[in-house]
Amino acid sequence: MRKLLNTFCLAILLQWPVHGALAVEASSPFAEIEEVMDSLMENHINKPTESQLVQGALKRVSEQIGKRAKATVTPSAEDDTRSEMEYRLREWQTRYGLDAAGLNRTAIEGMLATLDDPHTMLFTKEELRRFQSSVDNEYVGFGFRLRMQENRLMIRDIIPNSPAAAADLRPGDHLLDVDGISLTNKSFEEAFALLKGEEGSEAVLTIYRPSENRTKHLKLRRATLAIPEVSGMPFDGNIGYIRLDTFGSDSAVQFRNQLLSFMQKGQTQHGLILDLRDNGGGYLSAARDIASLFMEEGLLMYMVDRNGVEIETWVHNGQDVGFPVRILVNQGTASASELLSGALRDHGIAKLVGTVTYGKGSAQQVIPLENGDALKITLHEYFTPRHTVVNHVGLAPDIAVKHEIAQVLEALRSLGVTRFELRESGDEVTVNGVDFPVAEPIFHNDAHGIQVHRAVLASLLQDSAIGDTGYASLSSIGKPVKNLAVRKQGPETILTYTLQ
Amino acid sequence: MRNRTIRNISAGLLLAVLLQPTGAFADERTLPYVDIGKHWTTKAVVRGVEEGLFAPSKDLRFYPDRLMTRAEFLVMLDRLFLRNQQQLQPLTLLSEQYYLGRDDAFEDPYLPYTDVDRLTWMYQPILHASLVLDTLYGPRALNQVFPGKELHPSRPITRGEAARLLQVFTLAPDDKTVWNDITSWSWLEGNESDPLKRGEAAVLADKVMSAVDADAFLPILDMDGMKYPVVPEIDEIFPLFATYVEHPAPDEQAYVDAVQAIRDREDDEQTYEALHKLASSEFPNKIGVHYYLSWNPDTPLEENMEHAFAAIDAYFANKIILPDRLRLLCANVYDIALQMEADDEEIYQKTLNHLQSYESIIRKGTEEWDSLAIYLAALEVRSGQTEKALSRYREMGRSDEAMRNTVHYLAQQGKLDEAEAYLQAIQPRKNSAQEVLKRGLLRELSTLRQQESVKNDLAFALRHFQQLSGYRVDGNAILSGYRFKYTQTVDQRRQTSHTVGYYQAPSKLVMDKLESYADESNHVEYVRDFDKQTWKKSRTDSFDYMHEWVESRSINERVKDLKARYLLQSFGSYDIITEWIPGEEILKKSRNVLLDAGPLKAVPIYINKYYIDRESDTLIAHQWRYEEIYASKKYLAYSGTERYGAFPEAVVHIPAEVVEGTVGTP
């Protein structure tokens with residue numbers, strides 16, 4: 001046996017100088033292009049060819065020259081090797097006075113564009129930092145969340161240990177203007193654009209506090225905020241609810257703590273709803289650790305690289321859950337979220353409720369480049385334990401339902417819940433004790449009384465004929481509805497329904 | 001030019017500094033916990049905290065009388081393994097940077113229990129401890145102590161279980177006899193089935209650390225040829241050699257400044273210029289001036305050596321007997337000689353001749369003579385006069401170094417009885433480090449007496465294995481940065497084998513497939529080229545690297561020609577045999593072997609471990625770690641693990657398309 005490895009290695013060792021030579025050339029003006037090109041040719045899942053990458057680079061650079069220098073250069077179809085590319089780039093650089101850094105970046109972007117893979121990308125140091133922060137749920141800001149109520153922007157809640165928490169700012173305060181710019185009749189997006197800024201920068205906020213009937217000016221400095229990756233609440237009737245925003249480096253521990261706290265209070269007695277909607281994924285290790293909270297042992301996934309080598313990733317030393325699990329998914333459920341959903345479903349631990357997921361069945365690795373930039377590169381496609389393909393198709397839900405609140409209702413119903421109470425106030429809906437933000441209200445008040453979103457009614461009454469867009473009054477749906485009542489109480493609209 | 005990393009003088013010192021996190025508690029007379037002040041285990045607990053075995057607790061209590069749980073003990077064991085990893089390396093094979101896992105593993109390791117979960121405080125340390133135990137004692141070693149699917153981590157650990165887990169530190173041949181050792185050395189008392197208290201665990205850990213620090217763990221073994229001849233460790237390498245008052249004279253100040261600069265590694269040309277001036281002046285501290293001139297990195301080593309000897313001359317001119325000082329001055333000469341060896345093969349003999357000239361000045365048997373003699377003996381060993389060195393070591397006072405060198409070189413000559421008699425004649429103080437060292441030396445001597453029988457056991461198991469009609473191999477290996485994972489089916493009747501697997505090149509982020517067929521009777525093999533979709537044929541009857549040649553030797557030949565040494569340890573149902581082959585011996589033999597990799601230059605490490613199931617006498621696993629350096633500057637590091645299973649129905653026919661599809665036969 002030993003013999004085999006030796007011959008094998010001797011053959012490979014002979015190729016080493018090739019890599020060595022490249023490393024030495026780091027001082028060449030196109031070092032970064034070279035480095036990215038090597039990495040792509042050796043590792044990228046689509047096995048890009050040299051000519052493909054060269055052509056892509058030259059095409060993008062020539063387009064840039066067209067835009068910037070208003071000159072027309074046409075890349076030749078015969079330029080398909082590395083040295084021809086460098087010759088051409090050097091020529092164009094001199095003739096059109098292109099700066100080296102920009103040229104490198106443009107050429108690399110051109111190469112990446114040929115891959116038909118939006119997940120392989122180049123990061124500058126700053127972009128990499130931001131990418132990692134977003135995976136760990138870290139953002140720069142003041143530390144409050146807003147809600148829109150009766151066309152006014154209101155502070156919904158304040159993140160602990162944030163600049164907002166340190167300032168005299170309270171939930172319920174109205175936000176009137178930012179640095180003297182009025183927010184009246186501004187949309188969420190417009191307000192957000194005015195509020196965001198660099199870490200350490202300041203802004204003066206003008207607020208109105210209804211309880212004190214006065215206006216205040218507050219100066220706040222933006223800071224990096226670590227927002228909890230996991231949030232949880234129990235539904236009435238001992239069903240746990242955990243929402244995971246991302247698979248960051250601290251997610252598994254936060255998840256475990258939340259789950260333990262539920263279990264100690266018996267709040268998962270009838271099940272757990274795991275909300276992975278709009279969770280774009282994160283670290284594989286976090287997904288594996290979280291999976292270990294659901295199963296003692298089992299296959300998490302298969303990963304296949306460009307050479308057809310298939311590696312199994314297993315969960316070991318976890319624990320089995322003794323209650324049913326529902327996972328809420330939508331088209332924003334991607335990557336590690338799909339991985340976890342697929343694995344828990346294949347092992348019979350969870351059912352998926354919602355819509356078809358995003359379909360990002362590939363795994364990337366971030367590798368540092370010599371000059372401090374980094375390349376995020378797709379290395380593997382993954383499959384669920386039952387070899388289900390995820391990439392480009394997504395996972396189909398076990399219980400298909402589109403509306404965001406109806407998804408929660410369906411999940412609860414499938415766990416045996418028979419009593420539902422929906423309360424709406426502002427842009428938030430409370431379902432059996434747990435709050436959900438909603439894009440559009442589920443109740444509509446007009447001269448005809450209170451109307452209910454059709455998707456919600458369809459779900460409650462299990463009647464798809466009701467439809468899923470627009471509102472309907474209870475009397476208009478054309479059949480007797482027992483045990484369903486809607487009323488208004490102060491600022492809240494409340495619906496109760498008991499299944500028979 | 002003198003190299004400032006003076007290995008032989010300062011290695012021990014540096015290590016000691018690195019391994020002592022803080023001495024804060026002892027100094028300030030504040031204890032790390034409030035409940036150990038009047039407890040009999042105080043000293044051991046404080047040491048445990050200083051050595052990083054115990055973490056500070058929130059309520060500032062250690063609870064020395066509470067029972068220690070299995071989890072707590074395993075966490076402590078992990079920290080003991082980590083603290084002593086360098087000394088344990090001949091048995092764990094782990095290189096330092098890979099303590100956290102075997103570098104040849106593809107999958108993340110895990111524990112064979114269902115009740116220890118990943119996201120708990122105890123998980124990582126228990127997993128590490130279990131990995132070290134697996135290498136020491138074979139697959140699922142922890143299961144041999146705690147059988148079943150559950151570890152019950154919060155159950156109290158018994159004294160017997162604790163003793164078995166510490167077997168490696170006692171070098172006991174069998175886990176059934178560890179208890180006797182541990183109680184007879186008063187590491188523990190009571191019954192094997194009694195639970196262990198936390199304070200007692202601290203005492204146990206203290207004894208383990210003291211034994212390792214006294215070099216009682218495999219003291220005779222010199223795995224990499226770097227340990228022997230042993231010379232004393234020197235604590236203070238930059239003394240002033242004199243006392244200076246608060247307001248020194250200008251020349252005194254110049255001297256003190258120069259020493260300070262050298263001590264702080266801020267010495268430059270001016271430093272040595274100042275010392276030169278002092279040397280030619282009336283400045284009386286000639287020992288110091290010449291000693292520090294010998295440190296000048298910008299002068300040739302020959303000149304450094306002259307100053308080193310001038311310092312010794314000055315020492316004897318002073319006529320004041322200070323054995324510690326003479327020891328440092330001789331260590332300095334020895335250190336420079338070691339650095340000169342590369343350019344001057346005769347340097348040891350020359351230095352020896354010079355240093356010997358002082359012998360007549362001192363009276364034999366004094367402490368001062370010992371200071372000189374230990375370096376004379378070391379130089380004698382290095383110039384090939386082991387006999388002379390041995391008689392010198394035996395003439396010296398009973399220092400630890402004299403003891404270790406005497407036993408080591410007697411053992412090397414096969415004089416085990418003589419070594420034992422020598423040791424038995426020494427009566428160290430009770431509970432002294434020397435007593436612990438003596439015990440370690442005697443224990444290792446007893447393992448050396450078993451060489452013949454262990455060798456036969458291993459040869460038998462390997463023969464037994466070769467007689468199987470077929471077997472299967474599951475392997476992980478890392479060779480020069482390439483990581484491999486493979487399974488191999490071996491058909492012994494047809495002398496054929498088929499291997500499939502994958503590997504990862506160090507420069508790549510993805511893996512490649514690997515597949516091959518071997519035809520042993522015709523000495524050919526076929527390796528698949530997955531890119532070209534072809535099979536490449538090559539001959540297997542030459543040696544690329546020296547380890548292949550070593551592997552082709554029988555166990556008897558390894559003992560006879562390569563001075564292989566074996567250690568047998570039994571643990572649960574396994575016999576574990578470790579094989580060490582001195583690099584020097586492999587190097588000697590390599591001069592007559594034609595290697596494709598070219599001439600061999602050095603073999604820093606060559607260790608094999610064989611795991612044998614005692615009941616069936618079958619080889620179940622093998623681990624190895626080899627390092628070879630070739631004249632072409634190629635450095636080959638090869639380590640791995642293979643597991644074996646009998647596969648009597650194995651049939652490997654080499655498919656016709658493999659043989660026909662062959663291209664590129666050389």
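How are helix 4 of chain A and helix 5 of chain A oriented to each other? Before the answer, a word on what you are looking at. This is a predicted model, in which local features need pLDDT of at least 70 and side-chain atom pairs count only at pLDDT 80 or more, while totals for chains, interfaces and linings use all residues. Residues are numbered from 1 along each chain as its sequence is written, and chains are lettered from A and ligands numbered from 1 in the order in which they are written.

Now to the helices. Helix 4 (residues 50–68) and helix 5 (residues 82–96) of chain A pack at about 10 degrees, with 10 Å between their axes. The axes are lines fitted to C-alpha atoms, for helices over the stretch in contact, and angles run from 0 to 180 degrees between N-to-C directions. Angles under 35 degrees count as roughly parallel, and the two helices are therefore roughly parallel to each other. Among the residues making this contact are A:Val54, A:Leu58 and A:Ile65 of helix 4 of chain A and A:Met85, A:Leu89 and A:Trp92 of helix 5 of chain A. Contact here requires C-beta atoms, placed from the backbone, within 7 Å. Helices (H or I, at least four residues) and strands (E, at least two) are DSSP runs, numbered from the N terminus.

Further along chain A comes an open sheet of 3 strands, ordered 23-24-25 with antiparallel pairing. Strand 23 (443–446) and strand 25 (471–472) of chain A stand at the edges, each with a single partner strand, so one side of each has no neighbour in the sheet. Strand 23 and strand 24 (residues 449–453) of chain A pair over 4 bridges; pairing takes at least two bridges found by DSSP. One bridge joins A:Asn445 to A:Ile450 in strand 24 of chain A. Helix 14 (residues 454–461) of chain A lies across strands 24 and 25 of chain A, at about 75 degrees to strand 24.

Stepping back, chain A is divided into domain 1 (31–120), domain 2 (138–226), domain 3 (230–400) and domain 4 (404–498), with bounds from an automatic or database domain assignment. Between domains 3 and 4 of chain A, 16 residues of domain 3 are in contact with 12 of domain 4. Strand 16 of chain A gives the most to the domain 3 side, with 3 residues.

Finally, the two chains meet: 38 residues of chain B are in contact with 33 residues of chain A. Strand 4 of chain B gives the most to the chain B side, with 5 residues.

Notes: Parallel < 35°, antiparallel > 145°, perpendicular 65-115°, else oblique.
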